Amino acid sequence: MNTEQHLLYNEMKTTMGRNCLILLLGFLGLGALGGGGALVISPGGRLIGMPLSLLKKSPFHDFLIPGTVLFLLLGIAPCLLIFALIRKPACTFAEKLNCYRDMHWSWTFSIYTAFILIAWIQLEMVFLQAVSWLHTFYMVLAIAILFVALLPAVRSLYQKSI
């Protein structure tokens, strides 16, 4: 493989990795917008068939607060993050929250999003005192987001020039 072919191959790997990360975040975001939005619109859970009795071991009396958190943190945030991963905009506030100073904040926030999803699923299982296939599915999704974001080709795309 000559140098030009090698560069083209590396660029293709990087683009595929980034697109995979965007796809995973998009899936998470759209699902959370739908689920969180339904819980905000119908805090009693009727719109998506979730009885309030599910919350008996939680600190909530209805689904309004969990639905709002779901809608914002796992719905709106990943959708905005997709834009940031594509455009790499500067954001002073986001940079202040970026614990990886050598990386663009959008990459770091994709890592944060995966950990927020893990925490969300863990809290949901504790509050519901149950585990369903959906918990497993979304835990695997969080791990997939982490795995793809940590791929060397994806990391190199978001590494800052020093």
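## Lining of the largest pocket

Helix α4 provides the largest share of the lining of the largest pocket, namely seven residues; helices here are DSSP runs of H or I with at least four residues, numbered from the N terminus. The model is a predicted one, in which local features need pLDDT of at least 70 and side-chain atom pairs count only at pLDDT 80 or more, while totals for chains, interfaces and linings use all residues. Residues are numbered from 1 along each chain as its sequence is written, and side-chain values use heavy atoms, with hydrogens and water left out.

A pocket is an open set of points on a 1 Å grid over the protein atoms alone, where a 1.4 Å probe fits and protein lies on both sides within 12 Å along at least five of seven lines, and its lining residues have an atom within 4 Å of a point. The space in the largest pocket is about 730 Å³, a volume being the space filled by probe spheres set on the points. Its lining has 29 residues, of which Leu39, Met50, Leu70, Trp120 and Glu124 are the closest to the centre. Two or more lining residues come from each of α1 (3-41), α2 (64-87), α4 (105-128) and α5 (133-149).

## The second largest pocket

The second largest pocket has a volume of about 250 Å³, and among its 15 lining residues Ala77, Leu81, Trp105, Phe109 and Thr113 are the closest to the centre. Here the largest share of the lining, six residues, belongs to α2, and α2, α3 (92-96) and α4 each supply at least two residues.
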